[in-house]
2 protein chains.
Amino acid sequence: MAALSDSIENFIKQLLGEDTRIEIKRNELAQYFGCANSQINYVLATRFSVDRGYLVESRRGGSGYVRLIRLSTPSADLYESLMERIGDAVDEETAFALISRLRELKLVTAREERLMRSCVCAGAAALPLGCKDALRACVLKSAITQVFKELQEEN
Amino acid sequence: MAALSDSIENFIKQLLGEDTRIEIKRNELAQYFGCANSQINYVLATRFSVDRGYLVESRRGGSGYVRLIRLSTPSADLYESLMERIGDAVDEETAFALISRLRELKLVTAREERLMRSCVCAGAAALPLGCKDALRACVLKSAITQVFKELQEEN
DNA sequence: CCTGTTTGACTATTTTTGACTATTATATCA
DNA sequence: TGATATAATAGTCAAAAATAGTCAAACAGG
């Protein structure tokens, strides 16, 4: 056992501690563990995926970083269920309903709700019928993901 | 762990404060940050572009300077100019710059800014290369339109 | 022999630097 | 005074450095 991946996973969780977010340097971490850099990507992909309750952001280039955000369990569950509901395609009515739900839960302001609506239907309008729902799904998922990221930041 | 560029950007914004213009000496600033002079040009180009709502003027030679002016356009014109700038297609970098400008003008909150960003790049991600920019344009226009609608309603 | 791990070569992105160029005010000289 | 040199600025552009991502092949434990 004691797969390298497990050590790295634990190490990262140690770093996280009680915090809901941290930033790491992929290369430093790889060097620390004396492994390939891409090993870190593997760990992120397999142990810190969305369905495990984590979000990962990164930036390349000088002073680049990898940022990990842990969703608290209640949000993680809600987030999961929203993502599942949306899937690969979602019609406008459903999309709006889901957005309303976020509003009811006070996860977004009224203004943000309207902003989300306008984004979600705009993209679709531009497309041929077949893709509309797929596109809406992408935009909506992204918006919701953003909302959840914010949620963690507040604490 | 902010990149040098980020520090310089912040430093300049601090200097600006509530004012709409300041003058700096490129070389002094570079020296202050212990970096190449051209680093300053990089920051100006990437963080203080017209799309982000800034004008940069300068003069070389003895007693030369770099002058930064923060634009604060009246809303009516602004809406038009944004729509025109976006046109039928817009790349991600420009889209982000424009959104950032809305933020500078305090037309959107930081949270709304991030929400808009996420919507604008999400839709595009799903599409074949050719359409990305066109789609981004639709979503961005819609979001901006929404922001301006809100603005009107407020009065 | 599978399946999940690990590695490495290659790619992509962003920042930082440096050498060289351009412009302008001021000092100097004829 | 007018012309010219000098010093003090700023600009450009491409290379180098500093990150991170991808993907497929090799590997290892059950």
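**The domain interface of chain A**

Chain A comprises domain 1 (2-70) and domain 2 (76-154), with bounds taken from an automatic or database domain assignment. This is a predicted model, in which local features need pLDDT of at least 70 and side-chain atom pairs count only at pLDDT 80 or more, while totals for chains, interfaces and linings use all residues. Residues are numbered from 1 along each chain as its sequence is written, and side-chain values use heavy atoms, without hydrogens and water.

Taken over C-alpha atoms, the centres of domain 1 and domain 2 of chain A lie 28 Å apart. Nine residues of domain 1 of chain A are in contact with seven residues of domain 2 of chain A, contact meaning heavy atoms within 4.5 Å. Between them the two domains of chain A bury about 680 Å², and carbon and sulfur atoms give 61% of this area; buried area is the accessible area (1.4 Å probe) that two parts lose on being put together, summed over both. Of the area that domain 1 of chain A buries against domain 2 of chain A, 52% is supplied by A:Arg21, A:Val50 and A:Leu55, more than any other three residues.

One salt bridge is counted between the two domains of chain A, the term denoting a side-chain nitrogen of Lys or Arg within 4 Å of a carboxyl oxygen of Asp or Glu. The side chains of A:Lys149 and A:Glu57 meet in a salt bridge, at 2.9 Å from N to O. On the side of domain 1 of chain A that touches domain 2 of chain A, strand 2 (54-59) and strand 3 (65-70) each supply at least two residues, strands being DSSP runs (E, at least two residues) numbered from the N terminus.

Definitions and conventions:
Chains are lettered from A and ligands numbered from 1 in the order in which they are written. Helices (H or I, at least four residues) and strands (E, at least two) are DSSP runs, numbered from the N terminus.
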